Amino acid sequence: MASSASPLAMASTGGEAVPPAPAAGAAPVADATPVLGPPSTWIVTTPAPVLDIPAAPEAATTETVAAETPAAAPAPAPEVFDTTGDELAGWINEAIRVMRAQGVPVDGGDVRAIRTIIDKESSGDPHAVNRWDSNWRAGHPSKGLMQCIDSTFNAHKLPGYDDIFNPVHNIIAGVRYTISRYGGFDGHPGLKSMLKGSGYRGY
């Protein structure tokens, strides 16, 4: 049965549905469906990379942590050879320390011999000068604690210990002379004489 064309009639030769024509005078209605076109015309954009921004460093603290350093060990006390504790003991101790450092064979066992020589020769006076014996008459008096004449002192002093009236210097020279001349305190004529019960003899 023939009929008039309907707004919903199929009018396309391709068999596609044709949307109804807008009514005369009516404003066109925008199609909400976007027209993309064929895939070959699509533009694909790469998303911007995500930047890994590091966090701001923490502000350095101004507090200074004191480093724990071990306390320095106290210096060892100097070796004591003469324990008498008087002024003469200090001189003898220092002289023995100096001589031992230079390889002179002397130690605490020689303290009594050294003190005996000093007592008999000068009564412990570092400025004593003998003005009555043969050395005085020959023009070279004995001087100092151990009563060394100048030539003996100069031959047996240690470098840097050059003052015959310095008690430490004089002990060093006197001890080294005793070792050189008599082989040690056992051979010292004054000490040997005392061991035999006789009086002290000068050396």
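Trainee: What's the mean pLDDT of the chain?

Mentor: The chain averages 82, and 67% of its residues reach 70 or more. Over residues 1–17, though, the pLDDT is below 50, and that stretch has six contacts in the model beyond near neighbours in sequence. Where pLDDT is low, the predicted coordinates should not be read in detail.

Trainee: OK, pocket next. How many residues line the largest pocket?

Mentor: There are 18 lining residues, with Glu121, Asp133, Ser142, Gln147 and Tyr203 lying nearest the centre. The space inside is about 340 Å³.

Trainee: And what's the lining like by class?

Mentor: Eight nonpolar, six polar and four charged residues.

Trainee: Back to Gln147, then: is glutamine 147 buried or exposed?

Mentor: Glutamine 147 counts as buried because its relative accessibility is 8%, under the 20% cut-off. Its place is in the loop between α3 and α4, and its phi is near 50 degrees, a positive value in a residue other than glycine.

Trainee: What about the phi of serine 123?

Mentor: That one is positive too, near 55 degrees. Serine 123 sits in the loop between α2 and α3, and it counts as exposed, with 64% relative accessibility.

Trainee: Switching to helix α5: how far does it reach?

Mentor: Helix α5 covers residues 167–182 and reaches 22 Å from first C-alpha to last, close to the 22 Å expected. Its buried residues include Pro167, His169, Ile172 and Tyr177.

Trainee: Which helices cover the buried residues of α5?

Mentor: The cover includes α1, α2 and α4.

How values were computed:
Residues numbered from 1 in each chain as written. Predicted model: local features only at pLDDT ≥ 70, side-chain atom pairs only at ≥ 80, totals over all residues. Heavy atoms only, no water. 1 Å grid on protein atoms, 1.4 Å probe; cavity = no way out; pocket = protein on both sides within 12 Å on 5 of 7 lines; lining within 4 Å. Points joined across faces, edges and corners; volume = space filled by probe spheres on them. Nonpolar A, V, L, I, M, F, W, Y, C, P; charged D, E, K, R; others polar. pLDDT = per-residue confidence, 0-100. Contact = heavy atoms within 4.5 Å. Helix = DSSP H or I, 4+ residues; strand = E, 2+ residues; numbered from the N terminus. Expected span 1.5 Å × (residues − 1). Buried < 20%, exposed > 50% of the residue type's maximum accessible area, 1.4 Å probe, protein only.
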